[in-house]
Amino acid sequence: EKQKFTEAKRLASLRGGQAKKRQRVEKQNDILSRANSEITQISSHELFLLGVVLYWAEGAKEKEHRPGSRFDFSNMDPKMIQIMLAWLLKVCKIRKNMIIFNIFLHQTHKNRVSEVRRYWSKITGFPVSNFTSIYWKKNILKTNRKNTGEKYHGVLKIKVKRSSELVRKIAGWSEGIFEKVIKC
């Protein structure tokens, strides 16, 4: 009798947990949908600002001890990579042949190199032949990595040849944004 009650209680708890999860997923989807609809057209000026701020956050900065730095932007988020490429091509008018890529991948994914190259080629719209430079990240055996599955495609670095002037402009644009926001 007691075992039946305990099992019934366990099953009821599972059903309750599943119902709460469904409610949470529905609420999350509703929030995402409403938030998405709040974004209307993106003007070219807004795209300009978006790119500057993304680079300011994620791009390599010129250092006093290393003048003449080139444009380097690294990320593993495919959407962020696509936005940065759109910014380079549409706003900065960078020619495609001036853009090069590096992939940073954990050593445990050596058997997936072809797949990873095809993935980044599809994301960027550049041919697979543009993804020849791969740098291997050493794995620390005791880490609890979440990026071990087939959804992991490493980090992509976008580089622009002969771009130290662009990097300096971005620094100036970033400073201009900072000044305008702080003075508001």
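This is a predicted model: local features need pLDDT of at least 70, side-chain atom pairs count only at pLDDT 80 or more; totals for chains, interfaces and linings use all residues.
A residue is called partly exposed when its relative accessible area falls between the limits for buried, under 20%, and exposed, over 50%.

The chain contains five helices and four strands. Followed from the N terminus, these elements come in the order α-α-β-α-β-α-β-β-α. The radius of gyration is 23 Å, whereas a compact globule of 184 residues would come out near 16 Å. The C-alpha trace extends over about 80 × 50 × 30 Å along its principal axes. Of the 184 residues, 28% are buried, and the chain exposes about 13,300 Å², with carbon and sulfur atoms supplying 55% of that area. Contacts between residues at least 6 apart in sequence were also examined, and 76% of them join residues at least 24 apart.

Within helix 4 itself lies Ile123. Ile123 counts as buried because its relative accessibility is 17%, again under the 20% limit. Beyond its neighbours within four places in sequence, Ile123 is in contact with Pro78, Ile81 and Gln82. Lys79 is 44 residues away from Ile123 in sequence, yet the two C-alpha atoms are 8.3 Å apart in space.

Past the helix, Val128 belongs to the loop that leads from helix 4 to strand 3 (133-137). Is Val128 buried, partly exposed or exposed? At a relative accessible area of 38%, Val128 is partly exposed, because that value lies between the 20% and 50% limits. Setting aside neighbours within four places in sequence, the contacts of Val128 are with Arg117, Arg118 and Ser121. Val128 and Lys151, separated by 23 residues in sequence, are 18 Å apart from C-alpha to C-alpha.

Terms used. Residues are numbered from 1 along each chain as its sequence is written. Side-chain values use heavy atoms; hydrogens and water are left out. Helices (H or I, at least four residues) and strands (E, at least two) are DSSP runs, numbered from the N terminus. The radius of gyration is taken over C-alpha atoms; the globule rule is 2.2 Å times the number of residues to the power 0.38. Buried means under 20% relative accessible area, exposed over 50%, partly exposed in between (1.4 Å probe, protein chains only). Contact means heavy atoms within 4.5 Å. Accessible areas come from the Shrake-Rupley method with a 1.4 Å probe; for residues, only the protein chains shown count as cover.
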